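Subject: Handover of a predicted structure

Dear colleague,

Please find below the sequence and structure for your records. My findings follow directly after them.

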Amino acid sequence: MARDQLQVLNALDVAKTQVYHFTTIVIAGMGFFTDAYDLFSISLVAKLLGRLYYTKPGAPKPGVLPPSVSSSVTGVALVGTLIGQLFFGWLGDKMGRKKVYGLTLIIMIICALASGFSFGHTPKGVMASLCFFRFWLGFGIGGDYPLSATIMAEYANKKTRGAFIAAVFAMQGMGILFSGIISLIVSTAFDRHYPTPTYEENPALSTPPEADYVWRIVLMFGALPAALTFYWRMKMPETARYTALIAKNAKQAALDMGKVLNVDMEAEEEKVEKISRDKNNNFGLFSREFVRRHGLHLFGTTSTWFLLDIAFYSQNLFQKDVLSAIGWIPAAKTMNGINEVFRISKAQTLIALCSTVPGYWFTVAFIDIMGRFAIQLMGFFFMTVFMFAIAIPYDHWKTNHLGFVIMYALTFFFANFGPNATTFVVPAEIFPARLRSTCHGISAATGKAGAIIGAYGFLYAAQSQDKTKTDAGYPPGIGIKNALIILGCINALGMICTFAVPEPNGKSLEEASQETFGDDDDEVQGA
């Protein structure tokens with residue numbers, strides 16, 4: 001059967017790259033910039049929180065966050081993100097992308113600011129309020145995943161759609177980089193104004209009271225980029241695919257996209273009505289027809305994102321070994337509290353510059369040339385290779401610092417020039433418009449479940465089998481070498497699950513999702 005394509009949607013598919021494409025990338029991308037800043041900035045100040053609130057007088061080492069507190073402070077945002085992805089993904093298909101998009105941004109701005117105002121007279125009180133605000137911050141962040149991807153996909157032309165969606169996601173790398181830079185600036189300024197001795201020189205004076213402002217300023221700064229884009233998000237018209245295919249308002253879709261494309265558009269009300277009556281376009285998420293058409297696809301997007309995030313968020317397992325091996329972060333007692341923030345921030349900034357950010361933009365450059373499938377398969381393959389290359393001779397790398405760093409960088413370069421980007425892109429392309437945001441939210445939420453397992457389950461599992469060598473407060477585990485071997489196997493499984501994901505490269509969204517079937521007379525040939 002041929003495809004009954006609406007003129008307004010075809011115009012978007014064949015449009016040349018214009019200013020509105022880049023405007024949409026910036027507006028949607030700055031949301032992701034904020035998302036990454038807020039999610040990753042907490043790792044920069046977690047050590048400082050331990051010094052400020054959990055240092056015991058006379059202890060040989062500065063205080064650290066207890067395992068339960070550390071997991072809560074850093075993990076509660078991931079839980080909020082998971083719930084937000086499901087809720088706002090569903091809401092974006094029910095209320096419209098634009099209406100919900102503004103709501104998520106407001107939540108992010110308020111909760112980023114509130115995180116810095118976390119209050120309490122005791123460590124428990126401060127951490128509890130911080131966790132409360134970071135949960136709701138994650139909730140807002142979660143909404144940005146399905147909405148940003150869906151909006152960019154529905155605005156883009158089919159020739160460069162993959163690059164545009166990947167460019168939105170690549171702003172995550174810029175947010176990680178920016179969080180390191182802001183933390184560097186803030187810690188440097190405080191270190192110069194409040195010079196203090198190291199912990200081993202004078203434990204009591206090594207973390208000045210003013211250091212309490214450092215982590216608050218760093219966390220609150222995440223509200224700024226979100227606030228700067230709020231006006232422009234509200235000015236964006238609703239996507240034509242939502243307005244025409246879901247809201248069934250052909251006149252408004254033609255009017256909105258006519259302004260965007262600077263052309264006159266015909267309101268094809270009869271064709272929209274015809275499409276809406278087609279039973280092929282009315283099945284629900286829990287229907288047999290959805291399972292028949294897209295069940296395997298949803299399995300592919302959820303399983304690959306889940307497996308990817310287990311490996312991706314497990315990087316903390318051996319990041320400390322990498323940074324310690326090359327001397328970027330010395331022993332905690334040889335630094336004061338603010339200087340430790342500076343050292344950690346410097347390390348994250350360098351890692352982002354050398355490995356994280358380039359991987360994202362390699363995907364942007366090649367995704368519409370190589371295709372989503374090839375990049376994802378390649379990424380999982382090389383992640384598997386490098387994980388095993390680190391794990392099997394793990395003791396060898398402890399003395400070969402340069403090789404260790406190269407293996408570490410390549411593992412996460414191919415995560416970003418690979419499944420970390422493509423798992424975000426593909427769910428926005430292969431599902432019907434009325435279920436697109438929902439299915440992307442389900443895929444993303446499954447990924448966040450993997451992130452929680454990778455960040456915390458493996459953190460416990462990777463503890464030494466010798467209980468005298470575990471990190472403070474942790475029980476014995478299977479050891480980091482065994483944990484890395486398991487992660488290599490997980491990457492290999494991700495490679496296999498990639499075969500369940502279809503290739504939407506070069507197709508319109510309606511072709512990729514098998515939507516709007518009609519008469520042969522109305523066929524519009526895909527490029």
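A salt bridge is counted here where a side-chain nitrogen of Lys or Arg lies within 4 Å of a carboxyl oxygen of Asp or Glu. The model is a predicted one, in which local features need pLDDT of at least 70 and side-chain atom pairs count only at pLDDT 80 or more, while totals for chains, interfaces and linings use all residues. Residues are numbered from 1 along each chain as its sequence is written, and side-chain values use heavy atoms, with hydrogens and water left out.

Salt bridges

Side chains of opposite charge can pair when their charged atoms come close. By the rule above, the count is 13 salt bridges. One of them joins Asp368 to Arg372, with 3.0 Å between the closest N and O atoms. Arg372 has a relative accessible area of 1% and is therefore buried; "buried" stands for under 20% relative accessible area, "exposed" for over 50%, and "partly exposed" for what lies in between (1.4 Å probe, protein chains only).

Arg241 pairs with Asp13, the closest N and O atoms being 2.9 Å apart. Arg241 belongs to helix α9 (residues 240-246) and Asp13 to helix α1 (residues 7-14), so this pair ties together parts that are 228 residues apart in sequence. Helices (H or I, at least four residues) and strands (E, at least two) are DSSP runs, numbered from the N terminus. Both Arg241 and Asp13 are buried.

A further salt bridge links Arg293 and Glu289, at 2.9 Å from N to O. These residues are four apart in helix α12 (residues 288-312), which means that about one helical turn separates them. Arg293 counts as buried at 9% relative accessibility, whereas Glu289, at 25%, counts as partly exposed.

Overall form

The protein has 21 helices and two strands. Its radius of gyration is 24 Å, close to the 24 Å that the globule rule gives for 527 residues, so the protein is as compact as a globular protein of that length. That radius is taken over C-alpha atoms, and the globule rule is 2.2 Å times the number of residues to the power 0.38. Along the principal axes, the C-alpha atoms fill a box of roughly 80 × 45 × 35 Å.

Of the 527 residues, 60% are buried. Among contacts (heavy atoms within 4.5 Å) with a separation of 6 or more, 83% are between residues 24 or more positions apart.

Interior

The largest nonpolar core has 149 residues, and Leu49, Trp215 and Phe424 have the most contacts inside it. Helix α2 gives the most to this core, with 18 residues. A nonpolar core here is a set of buried Ala, Val, Leu, Ile, Met, Phe, Trp, Tyr and Cys residues joined through side-chain atoms within 4.5 Å. Beyond its neighbours within four places in sequence, Leu49 is in contact with residues including Ile42, Leu65, Met127 and Trp215. A second, separate core of ten residues includes Phe283, Phe290, Val426 and Leu435.

Trp215 is also one of the buried residues of α7, among them Val214, Arg216 and Leu219. Helix α7 (residues 211-220) is mostly covered, with seven of its ten residues buried. Its cover includes α2 (19-54), α4 (97-116), α5, α6 and α14.

Ala156 lies in the loop between α5 (123-155) and α6 (161-193) and counts as buried at 1% relative accessibility. Leaving out residues up to four places away in sequence, Ala156 touches Leu12, Asp13, His21, Arg161 and Phe164. Ala156 and Phe22 are 134 residues apart in sequence, with 9.9 Å between their C-alpha atoms.

Loops with positive phi

Lys248 is not a glycine, yet has a positive phi of about 60°. Lys248 is in the loop between α9 and α10 (250-261) and is partly exposed, with a relative accessible area of 38%. Asn262, likewise not a glycine, has a positive phi of about 60°. Asn262 is in the loop between α10 and α11 (269-277) and counts as exposed at 67% relative accessibility.

With kind regards
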